[in-house]
Amino acid sequence: MFRNSLSLDMMDHLTMAIKENNDSKSLRAIVLAAKGNVFSAGHNLKELHIDKGIDQHKLVFKKATELMKAIVLSPVPVIAKVNGFATAAGCQLVATCDMIVCSDTSKFSTPGANFGIFCSTPGIAVGRSVPKSQAMYMLLTGEPLTAQQAYESGLVTKVVPANQLDEEVNKIVEKIKLKSRSVIGLGKQFYYKQIELGIFDAYKLGEEIMVKNINADDGQEGIRSFVEKRKANWSHT
C-alpha cells in the first residue's frame with residue numbers, strides 16, 4: 001500500500017479489525033501502527049479521480065467516517081503508535097484515537113489545500129484535539145507540526161525517541177490491563193458523550209453514570225479492595 005494510504009480496502013480492513021473481538025474480555029486495548037516512515041499519507045487520491053464518479057467519492061468518505069466511528073465506539077482504548085508522517089486523513093486517523101504516542105521525528109499535517117482539496121474531514125478530528133488557532137494554522141497553511149509542537153498543542157499524548165516507542169506503548173497498555181475492562185469501557189463511552197453536551201447536561205449524565213458504575217460488580221469490588229487494602233479482583237462486569 002503506497003505510503004499506507006487509506007484506500008477503500010485499507011479502511012474496510014481497519015474497521016473490521018477494530019470491531020473484531022469487541023465483546024471479548026481478553027481484548028484490553030488496540031494499537032494502530034504502520035511500517036515505514038509514513039504512518040499514513042491519507043486517502044488514495046487515485047480513488048478520488050473524477051473518472052471514478054461521485055458515488056465512489058461519497059463511498060470513500062463514508063468509509064472514513066465508519067472507521068473513525070469504530071475507534072470512538074470501541075469499548076477499549078485505541079492507541080496510535082506513530083513513527084513518521086501522518087498527513088491529511090492519516091492525521092485524522094491519529095487525532096481520532098484515544099491516545100497517540102509518537103517518535104520525536106514524527107510530523108503531522110493537513111496539507112490538502114496545497115493540492116486543491118481542503119482537509120475538511122481531517123479538520124473535524126484535528127479541531128477537536130488542538131486549539132482553534134493551531135488547527136487553522138495546520139488547515140490553512142498545510143505546514144506540518146513537529147512531534148514536539150504536536151505534543152505542546154495537545155494533539156499527541158507522549159513523544160519519545162524512536163527506539164523507545166514500543167516500550168512506551170507497552171507501558172501504557174500494561175497500565176490499562178490493570179483496570180476493569182468494563183469500567184474503562186464505561187468511562188470512555190461517557191467521555192465522548194459528555195464532551196458534546198452543555199456543562200449542566202454533562203453533569204446530569206455524569207450523575208447517572210457514576211451511580212451505574214458504583215453499583216456494577218467491579219465498582220463494588222473496587223470499593224471493597226480499597227477498604228480491605230488488597231488488590232482488586234476484577235470480573236470485568
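Two strands are taken to pair if DSSP finds at least two bridges between them. In this predicted model, β1 and β3 run parallel and are joined by three bridges.

In general, the strands of a sheet pair through backbone hydrogen bonds, either parallel or antiparallel.

Helix α7, residues 165–177, lies next in the description. The helix has 13 residues, and the distance from its first C-alpha to its last is 19 Å, close to the 18 Å expected at 1.5 Å a residue. Buried residues in α7 are Leu 165, Glu 168, Val 169, Ile 172, Val 173 and Ile 176. Seen down the helix axis, these residues fall within an arc of 135°, so they line one face of α7. An α-helix has 3.6 residues a turn, so residues three or four places apart point the same way. The cover over the buried residues of α7 includes β1 (30–32), β3 (78–82), β5 and β8 (158–160).

Strand β5 (residues 99–103) contains Met 99. Beyond its neighbours within four places in sequence, Met 99 is in contact with Pro 77, Val 78, Ile 79, Ala 80, Thr 157, Ile 172 and Ile 176. Of these, Val 78 is 21 residues from Met 99 along the chain, yet their C-alpha atoms are separated by 6.7 Å. Ile 172 and Ile 176 are among the buried residues of α7.

The largest nonpolar core has 40 residues, of which Leu 32, Val 82, Leu 93, Val 94, Phe 108 and Leu 155 touch the most other members. Helix α2 (residues 54–73) supplies the largest share of this core, six residues. Leaving aside its neighbours within four places in sequence, Leu 93 is in contact with Leu 6, Leu 14, Leu 32, Phe 39, Leu 67, Met 68 and Ile 71. A second, separate core has nine residues, including Ala 29, Ile 79, Leu 165 and Ile 172.

Conventions. Residues numbered from 1 in each chain as written. Predicted model: local features only at pLDDT ≥ 70, side-chain atom pairs only at ≥ 80, totals over all residues. Heavy atoms only, no water. Helix = DSSP H or I, 4+ residues; strand = E, 2+ residues; numbered from the N terminus. Contact = heavy atoms within 4.5 Å. Expected span 1.5 Å × (residues − 1). Buried < 20%, exposed > 50% of the residue type's maximum accessible area, 1.4 Å probe, protein only. Arc of directions from axis to C-beta. Core = buried A, V, L, I, M, F, W, Y, C linked by side-chain atoms within 4.5 Å.
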